[in-house]
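Me: I have a structure to look through and I'm new to it. Could you walk me through what stands out?

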Amino acid sequence: MATTSRTQLLVNSSVALVLAGLTTVTLHELAHFVTSSALGHSTTLFATSVDSAATDVPTNIATAAAGPLFSLVFGLAIVFGGRRWGAGFGRLFWMWLGFTSAQTGFGYLMIAIIAPVGDTGKVLELLGAPAILFWVSLAVGIAGTLWLSRLFATRVVAYSDGTEPSMRTFGIFSWLIGTGALVLIYAVTVMTLPADAIFVSMMGIVALAIFAPMFSFFYKRVSVPHEHLALRTPVIWIAVTVVAALVVILVLNRGVTLG
């Protein structure tokens with residue numbers, strides 16, 4: 001693959017990851033928001049959290065569980081059902097959206113044992129779950145993340161030219177750039193949250209695509225045909241991503257209330 005092609009792959013994949021990450025986080029919070037609102041409670045949607053007026057345990061369990069459950073199911077549906085969607089930038093966007101959404105579900109399973117303020121940890125605490133279930137949650141989360149890494153390795157091999165520089169460009173460098181941009185965007189939105197909520201929110205952003213660099217554990221074990229991506233400088237999608245980031249910072253950061 002020529003250097004220019006690797007550059008296009010880097011730019012397109014990085015932008016696609018940022019847009020997919022913004023979409024993943026917003027959809028995750030919308031799942032909380034819709035659940036709490038549907039159960040009849042005044043609810044405010046923020047960039048990385050939801051403030052519900054609900055005080056009863058069943059509603060709090062349902063609201064907390066809705067986010068990771070939606071993210072996991074939606075993400076896996078896109079990973080498998082949307083495998084061929086799009087041709088260039090679109091293919092990369094749907095890929096990142098599916099994987100980051102599924103990783104969000106697995107990620108909350110992983111951190112339940114150390115972050116009871118997180119969605120899955122909160123559900124387990126409200127249910128009075130025994131300690132063993134927190135360890136089971138951790139194990140499932142780790143296994144799921146490694147499984148996603150194995151699946152992601154097939155995409156890296158398919159979309160690169162098969163050389164290690166090309167695969168690093170796609171699987172590692174675009175991950176670093178995209179994750180760095182997401183961290184900067186969401187850092188602006190969490191400053192007024194409690195310290196534990198800031199920790200969980202930013203951990204989630206950092207780990208949104210943590211499966212990506214771990215493709216290096218698996219790429220030598222996969223054999224898939226090369227898939228050409230019709231890539232060009234994604235000017236329009238860069239603009240869309242900037243607008244989406246501004247919506248998160250200027251609108252969701254202030255909160256949107258229903259009820």
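**Salt bridges, spaces and a surface patch**

Reply: One place to begin in this predicted model is Glu 164, which is partly exposed, with a relative accessible area of 41%.

Me: What does Glu 164 form a salt bridge with?

Reply: The partner of Glu 164 is Arg 168, and the closest N and O atoms of the two are 3.8 Å apart. Both residues lie in helix H6, which covers residues 164-187, and they are four residues apart, about one turn of the helix. Arg 168 is partly exposed as well, at a relative accessible area of 36%.

Me: How many salt bridges are there in the whole structure?

Reply: A search of the whole structure gives four. Salt bridges that share partners join Arg 83, Arg 84, Arg 91 and Glu 227 into one network.

Me: Is Glu 227 buried or exposed?

Reply: Glu 227 counts as buried because its relative accessibility is 11%, and the cut-off for buried is under 20%. Arg 91 is also buried, with a relative accessible area of 12%, and Arg 83 is buried too.

Me: What are the N to O distances for Arg 83 and for Arg 91?

Reply: In the salt bridge between Arg 83 and Glu 227, the closest N and O atoms are 2.6 Å apart. Arg 83 lies in the loop between H2 and H3, while Glu 227 lies in the loop between helix H7 (195-206) and H8, so this pair ties together parts that are 144 residues apart in sequence. For the salt bridge between the side chains of Arg 91 and Glu 227, the N to O distance is 2.9 Å. Since Arg 91 lies in helix H3 and Glu 227 in the loop between H7 and H8, that pair ties together parts that are 136 residues apart in sequence.

Me: Switching topic, how many cavities of 30 Å³ or more are there?

Reply: The count comes to one cavity of 30 Å³ or more, and the largest cavity has a volume of about 60 Å³. Its lining includes Arg 83 and Arg 91, along with Trp 94, Phe 99 and Tyr 159 among others.

Me: Which helix gives the largest share of that lining?

Reply: H3 does, with four residues. The elements that give two or more residues to the lining of the largest cavity are helix H2 (57-81), helix H3 (89-111) and helix H5 (131-159). By class, the residues of this lining divide into six nonpolar, one polar and three charged.

Me: And the pockets? What is the volume of the largest one?

Reply: The largest pocket holds about 490 Å³ of space. It is lined by 23 residues, and those closest to its centre are Ser 49, Val 50, Val 117, Asp 119 and Lys 122. The lining of the largest pocket has ten nonpolar, nine polar and four charged residues.

Me: Which residues are closest to the centre of the second largest pocket?

Reply: They are Thr 104, Tyr 108, Met 203, Gly 204 and Ile 205, out of the 18 residues that line the second largest pocket. This pocket has a volume of about 280 Å³, and H3 gives the most to its lining, with six residues.

Me: Last one: which helix gives the most to the nonpolar patch?

Reply: Helix H8, residues 235-252, gives the most, with seven residues.

Terms used:
Residues numbered from 1 in each chain as written. Predicted model: local features only at pLDDT ≥ 70, side-chain atom pairs only at ≥ 80, totals over all residues. Heavy atoms only, no water. 1 Å grid on protein atoms, 1.4 Å probe; cavity = no way out; pocket = protein on both sides within 12 Å on 5 of 7 lines; lining within 4 Å. Points joined across faces, edges and corners; volume = space filled by probe spheres on them. Nonpolar A, V, L, I, M, F, W, Y, C, P; charged D, E, K, R; others polar. Buried < 20%, exposed > 50% of the residue type's maximum accessible area, 1.4 Å probe, protein only.
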